[in-house]
Every structure is written in structure tokens, then in C-alpha cells.
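Visitor: Please take me through one part of this model in detail. I would like to look at the charged side chains that pair up, and then at what surrounds them.

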Amino acid sequence: MYQIHKKNLMIIWAGIVLLSVTSIIAKGFTLQAIYAESCLLTAGILSTIVFFTVKGDLPKALVITLSPAIAQFAFSFLEGGNSVAYLATYVCVAMMALYFNPTYIKYYMIVMSVLSLIIVLINPAIVDGSNYTLGGALTKVFLFIVVGVTLADATNRGYQAVEDAKKTLLQVTKAQDKANGIANNLNGAIQHTETGIQSLADQAQGVSQAAEQMTATVESTTNATIAVSDKVTQAGNEIDRNYEMMHQVEDSFRSVADAVKNGSTEAGSVQSS
């Protein structure tokens with residue numbers, strides 16, 4: 001708002017200087033012109049003071065724009081009627097439209113419309129110049145009201161569109177916050193899942209290592225079993241061989257016994273003869 005107030009104040013001073021210069025060129029530097037221009041300068045000074053002192057935007061905007069708009073009536077009256085001065089009201093309503101708030105234009109239009117109609121009924125020359133007609137003065141006021149109402153309606157539409165856009169933006173922001181929350185929760189869940197998967201992978205690695213150890217143990221057991229089986233086979237073979245040797249020894253003992261027996265028989269025969 002500060003920049004708009006500043007811009008309007010600059011426009012007002014430019015208008016005051018322009019209107020004063022054209023008036024001096026047209027009618028000369030007379031006492032009447034000085035009085036007329038002093039009204040404009042007073043309005044400009046009042047707008048400047050309000051610009052630097054008043055805090056509220058609406059009061060500041062109304063005083064800044066209404067001061068020169070009302071001052072132009074006094075200027076025109078002291079000039080004996082000036083049809084150009086009333087154009088300042090159009091400039092001021094356009095300045096109010098810069099605030100892009102229909103309330104500002106409505107307050108301005110209420111004051112200036114009522115005041116314009118009253119002045120037209122009292123002295124139409126203030127609005128329409130020294131060569132005035134009542135119809136011409138009323139036409140200027142009517143056109144001023146039409147322009148103000150049109151600007152107020154257009155500003156109101158734009159203002160509502162901006163408000164709707166703000167509401168939409170607020171909803172989008174809320175939806176974005178919700179989406180961010182969901183994304184954060186999803187990210188946390190993904191991280192938790194990744195941690196679980198990593199833990200499961202570690203457990204699977206442990207199971208794989210245990211399976212490898214078990215496989216190695218089974219292989220060792222199998223090799224030991226095969227070795228024992230070989231030892232048992234060898235022992236069986238040794239037993240069979242010992243068994244055969246035992247039979248051979250028995251046969252040898254039996255042969256020896258038969259030989260002893262035969263020897264004893266032969267010895268008995270010798271003794272008998």
C-alpha cells in the first residue's frame with residue numbers, strides 16, 4: 001500500500017503543477033489566480049502531511065485523493081468557472097482504483113457524487129465552466145458516476161478473483177502440506193522397510209553361513225563314516241584271515257597229533273617184536 005500511496009501523491013502534485021501552469025498561461029498571474037492555486041497547494045500539502053502521519057490505509061487513501069478532488073471545486077469557483085478542473089475527479093477515481101479494493105472506490109464515489117450534484121444545483125459553472133449549461137454539468141456528473149460505478153464493479157470482480165485465488169492457493173498449500181506429510185510418512189515407512197529388508201538379508205546371510213557350516217559338518221561326518229566303514233571292512237578281512245590261519249593251525253596240530261600217534265604205534269610194535 002505504501003507504494004500506491006506514494007504514487008498517488010506524486011500524481012496529485014504533478015496535476016497541481018500542471019493545472020496551475022495552464023491557469024497562469026490562460027489568465028495570467030493575477031490575485032484571483034493566486035487564490036485559486038493556493039487551494040490546490042493547500043490540498044497537496046494536506047495530502048503530503050496525511051501520507052507521512054496517518055497509519056490506516058483507507059483513511060490515508062481517502063484524504064490523499066479527496067483533498068485535491070474537493071479543492072478543484074474551490075479552484076474552479078475562484079476562477080469563475082473552469083471546465084477542465086472537474087476532470088481531476090476522474091483522475092482521482094482512477095487513482096482509487098489502483099488500491100484494487102472496491103471499498104475505497106465506494107467511499108470516494110459516495111462523497112464526490114453527492115457533492116457534485118449539490119454543486120451543480122447551486123452553481124453549474126463550477127463543473128461546466130463559465131459558459132455552462134445545466135445539462136452539460138449534469139452530463140459530466142452523470143458520466144463521472146458511471147465511470148466510478150464501472151471501475152468499482154470491475155475492481156470488485158478483480159478483488160473477488162484475487163480472494164478466490166488466495167483461497168485456492170490456501171487450499172493448495174494445505175493439500176501440499178498434507179502431501180508432504182504423507183510423503184514423509186511414506187519415506188519413513190520405506191526407510192523402515194529397507195531396515196527390515198537389510199535385517200532379513202543379514203539373517204539370511206547368517207542362515208546361509210550356518211547351512212554352509214552344516215554342509216561342511218555333514219561332509220566331515222560322511223567322510224568319517226566312510227573311513228570307519230573302511231576300517232570295519234579291513235577288520236573283517238583281518239578276522240577272516242585270522243580265521244583261516246586258525247584253521248590252518250588246527251590242521252597242523254591235527255597232522256602233528258596224527259604223526260605222534262603213528263609214532264607211538266610204531267614204537268609199540270617195535271617193542272613187542
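Guide: The side chains of Asp 128 and Lys 140 form a salt bridge, with N and O 3.3 Å apart; the term stands for a side-chain nitrogen of Lys or Arg within 4 Å of a carboxyl oxygen of Asp or Glu. This is a predicted model, in which local features need pLDDT of at least 70, side-chain atom pairs count only at pLDDT 80 or more, and totals for chains, interfaces and linings use all residues. Residues are numbered from 1 along each chain as its sequence is written, and side-chain values use heavy atoms, leaving out hydrogens and water.

The pair joins distant parts of the chain, 12 residues apart: Asp 128 belongs to helix H6 (residues 125-128) and Lys 140 to helix H7 (residues 134-272). Helices here are DSSP runs of H or I, at least four residues long, numbered from the N terminus. Asp 128 is buried at 15% relative accessible area, while Lys 140 is partly exposed at 21%. Buried means under 20%, exposed over 50%, and partly exposed in between, with a 1.4 Å probe and protein chains only.

The structure holds two salt bridges. Another one links Asp 153 and Arg 157, whose closest N and O atoms are 3.2 Å apart. Both residues lie in helix H7, four residues apart, about one turn of the helix. Asp 153 is partly exposed at 40%, and Arg 157 is exposed at 60%.

Phe 144 has contacts (heavy atoms within 4.5 Å). Leaving aside residues up to four places away in sequence, Phe 144 touches Tyr 86, Thr 89, Tyr 90, Val 93, Tyr 108, Met 109, Met 112 and Ser 113.

Technical notes. Helices (H or I, at least four residues) and strands (E, at least two) are DSSP runs, numbered from the N terminus.
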